[in-house]
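Below is a report on side-chain pairing and helix packing in one model.

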Amino acid sequence: MPTSDAEIEQVRELVAAIPPGRVSTYGDIAAAVGLSTPRTVAWIMRTDSADLPWHRVLRANGTPAPHLAHRQLEELRAEGCPMVDGRIDMRRARHTFDLHDA
């Protein structure tokens, strides 16, 4: 099933709402929007996120995509995001969405 423009905008709105120093996962965003897979969020981020805080979206284990790791961790470190051994401390930094706003 194709992703609708409304779903793309919902993903963009959620990513824009992640505060500095906090992160979310592809899966969290997919669940909040009602998408069937986190891969759809990854696709949206890859194609339509230049104006968003893309660096605040990670894998569920707190690691960035390998090709973005240095840049993404540098951005998050500058925001004061808690890290442990090169990954984000998801227990402390994970942002939750109010599903009424999604």
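R56 counts as buried, at 9% relative accessibility (buried means under 20% relative accessible area, exposed over 50% and partly exposed in between, with a 1.4 Å probe and protein chains only). The side chain of R56 meets that of E79 in a salt bridge, 2.7 Å from N to O; a salt bridge is a side-chain nitrogen of Lys or Arg within 4 Å of a carboxyl oxygen of Asp or Glu. R56 lies in the loop between α3 and β2 and E79 in the loop between α4 (69–78) and β3 (83–84), so the pair ties together parts that are 23 residues apart in sequence. Helices (H or I, at least four residues) and strands (E, at least two) are DSSP runs, numbered from the N terminus. E79 is partly exposed, with a relative accessible area of 24%.

This is a predicted model: local features need pLDDT of at least 70, side-chain atom pairs count only at pLDDT 80 or more, and totals for chains, interfaces and linings use all residues. Residues are numbered from 1 along each chain as its sequence is written, and side-chain values use heavy atoms, with hydrogens and water left out.

| Pair | N to O distance |
|---|---|
| R12 and D51 | 2.8 Å |
| R56 and E79 | 2.7 Å |
| R92 and D89 | 3.5 Å |

In the pair of R92 and D89, R92 is exposed at a relative accessible area of 58%, whereas D89 is buried at 9%. Salt bridges with shared partners join E9, R12, D48 and D51 into one network.

Within the salt bridge of R12 and D51, R12 belongs to helix α1 and D51 to the loop between α3 (38–47) and β2 (57–58), so parts 39 residues apart in sequence are tied together. R12 is buried, at 14% relative accessibility, and D51 is exposed, at 57%.

Helix α1 (residues 5–17) packs with helix α2 (residues 26–33) at an angle of about 130 degrees, their axes being 10 Å apart. Axes are lines fitted to C-alpha atoms, for helices over the stretch in contact, and angles run from 0 to 180 degrees between N-to-C directions. The angle makes α1 oblique to α2 (under 35 degrees counts as roughly parallel, over 145 as roughly antiparallel, 65 to 115 as roughly perpendicular and the rest as oblique). On the α1 side, E7, Q10, V11, L14 and V15 make the contact, and on the α2 side I29, A32 and V33, where contact means heavy atoms within 4.5 Å.
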